[in-house]
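Please work through the following exercises on the structure shown below. Each task sentence is followed by a solution in steps.

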Amino acid sequence: GYLTVLALWKPSLMPPLPQSERLVQLPALAQSLVRHGRNALVGLSRAFATDTGFPKRKVLGQLIVTLLPLPFAVAVLGITYRVSTTPEVVDTTGLVEAGSVDTTNVVEEPSGLGSAGEGDDAGLQEPPAEEATAEAAPAGDAKADAAVAPAPVQAEKAVAPAAAKAPAAAEAERLPAPIWFWVMLGLCAAGLAGLYVMWNWERLEVFKMLLTSFFPLALLILAVLGSIVFGLATPTEAAAVGALGGALLAAVYRFINHWRARTGGAAGVILVTLKDLGQIIKDSSFLTGKTTAMVCWLFVGSSIFSAAFALLGGQEIVETWVLSLGLSPVQFMLLAQFIIFILGWPLEWTEIIIIFMPIFIPLLPKFGVDPLFFGLLVALNLQTAFLSPPVAMAAFYLKGVSPKHVTLNQIFAGMMPFMAIQVFALFLLYQFPGIGLWLPSVLYGH
């Protein structure tokens, strides 16, 4: 919103790209197919159905690429429908069906025992052995037992088919789709219709560029973060998924590049690709080892500092001092966030989390503050550490890719409004906690 208002207010600050950089150069096949219509879907369909002057395989490949958004949307809607209409499974373990008798834990009272009032230890007498009971029972009792015994068996047999049919019935009786699903279905249908109406040849080329650059990385990110969010994997396992996906993407990209360079047949391309991939994995392993060692030493140093700080009574002193101030929960939150905001100027976010967060966390129960909500506020507050000089990493990143005439002071001056936006976002999150807590409550029921 800030950038939009600023661009409308001072258009000179954000000039558009030159016309030459906004045009997409069409390949020879697309230039030839333009005569079938400006719409890529219509033109490819006509060329595949009627025109024999083009190679059918290439036209079919282009048509399949054009139709890719449709099966993707159908797959997403199908998964969403399955999830939204799945009936809630109720655990009925240990429940007994009404009208049935559970005879597994029932001990029959021997006929020789008297009532409870006939003796103090009448209820504690040991029942006679099975052999003795069988010998002592008259013939008439045996016939009665034979007549009564099939009843539980028949009841069990009657209940068994119903229990077997219950899961099938529960699977068949799905819940009705909620209203939001039909709204989502309508939006997807309208979006696809608008997409294919405006799908010209230039947009098709842009879509093909995205297929080989943006979409694979987006799927990799969704696979890593989605597996964590939906509880399919721990962060360590998700990191393994990301490493495997990165290796596969590197192999595919290398294979495509070598194939285009015509380094040989398929076997030669695969060998060159595997050789390059091995070197990439080797370099990545060394870089990962260096970074991990550096981070681990940060944790070692912070653990030693925290242990020494607590052993020497520093934690108790800080806790006693904060509690002696008589702060309310709101005042404590303001004080904590202000301290973190100030620490973000000279320190990086890693030092703040590793060294100073162990000081604040034990104080949260004293003021009745939700640790999840406090963590969200701290995470948002720490974003200012990327923007506040002198340790503003975002400024140095931007300086590395900006033209030479752009100075670091100009970058710092331009970052100040964004720091104000961060503070305003922090205020909004505190006033409306649902901004940060709604999704965890939906996914995990917190």
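The model is predicted, so local features require pLDDT of at least 70 and side-chain atom pairs count only at pLDDT 80 or more, whereas totals for chains, interfaces and linings use all residues. Residues are numbered from 1 along each chain as its sequence is written, and side-chain values use heavy atoms, with hydrogens and water left out.

**Exercise 1. The chain as a whole**

Task: State how many helices and strands the protein chain has, and what percentage of its residues is buried.

Solution: 
- Step 1. Helices (H or I, at least four residues) and strands (E, at least two) are DSSP runs, numbered from the N terminus. The protein chain has 21 helices and zero strands.
- Step 2. A residue is buried under 20% relative accessible area, exposed over 50% and partly exposed in between (1.4 Å probe, protein chains only). Of the 446 residues in the protein chain, 22% are buried.
- Step 3. Contact means heavy atoms within 4.5 Å. Among contacts between residues at least 6 apart in sequence, 65% join residues at least 24 apart.
- Step 4. Accessible areas come from the Shrake-Rupley method with a 1.4 Å probe; for residues, only the protein chains shown count as cover. The protein chain exposes about 30,900 Å², and carbon and sulfur atoms supply 71% of this area.

**Exercise 2. Salt bridges**

Task: Identify the salt bridges in the structure and locate the partners.

Solution: 
- Step 1. A salt bridge is a side-chain nitrogen of Lys or Arg within 4 Å of a carboxyl oxygen of Asp or Glu.
- Step 2. Arg 38 and Glu 202 pair through their side chains at 3.1 Å, N to O. Since Arg 38 lies in the loop between helix 3 (28–33) and helix 4 (40–49) and Glu 202 in helix 11, the pair ties together parts that are 164 residues apart in sequence. Arg 38 is partly exposed at 47% relative accessible area, and Glu 202 is partly exposed at 24%.
- Step 3. Glu 205 and Lys 208 form a salt bridge at 3.3 Å, N to O. Because these two residues are three residues apart in helix 11, about one helical turn separates them. Glu 205 is buried at 9% relative accessible area, whereas Lys 208 is partly exposed at 22%.
- Step 4. Glu 319 forms a salt bridge with Lys 366, with the closest N and O atoms 3.4 Å apart. Glu 319 lies in helix 14 (residues 314–324) and Lys 366 in helix 17, so the pair ties together parts that are 47 residues apart in sequence. With a relative accessible area of 19%, Glu 319 is buried.

**Exercise 3. Nonpolar cores**

Task: Determine which residues of the largest nonpolar core touch the most other members.

Solution: 
- Step 1. A nonpolar core is a set of buried Ala, Val, Leu, Ile, Met, Phe, Trp, Tyr and Cys residues joined through side-chain atoms within 4.5 Å.
- Step 2. In the largest core, of 20 residues, Phe 332, Met 333, Ile 340, Val 369, Phe 374, Leu 377 and Val 378 touch the most other members. Helix 15 (329–343), helix 16 (349–360), helix 17 (364–367), helix 18 (371–382) and helix 20 (408–431) each give two or more residues to this core.
- Step 3. Leaving out residues up to four places away in sequence, Met 333 touches Val 369, Phe 373, Phe 374, Leu 377 and Tyr 430.
- Step 4. A second, separate core has 17 residues, including Ala 40, Leu 44, Val 59 and Leu 192.

**Exercise 4. A nonpolar surface patch**

Task: Find which helix gives the most to the nonpolar patch.

Solution: 
- Step 1. Patches are made of residues with over 30% relative accessible area and no salt bridge; like charges are joined within 9 Å, and nonpolar side chains (Val, Leu, Ile, Met, Phe, Trp, Tyr) within 5 Å.
- Step 2. Val 229, Phe 230, Leu 232, Trp 438, Leu 439, Val 442, Leu 443 and Tyr 444 make a nonpolar surface patch of about 850 Å².
- Step 3. Helix 21 (residues 434–444) gives the most, with five residues. Trp 438 lies in helix 21 and is exposed, at 56% relative accessibility.

**Exercise 5. Ser 227 and Thr 384**

Task: Decide whether Ser 227 is buried or exposed, and do likewise for Thr 384.

Solution: 
- Step 1. Ser 227 belongs to helix 11 (residues 201–229) and counts as buried at 10% relative accessibility. Leaving aside neighbours within four places in sequence, Ser 227 is in contact with residues including Leu 232 and Ala 238.
- Step 2. Thr 384 lies in the loop between helix 18 and helix 19 (393–401) and counts as buried at 4% relative accessibility. Not counting residues up to four places away in sequence, Thr 384 touches Phe 341, Met 419 and Gln 422.
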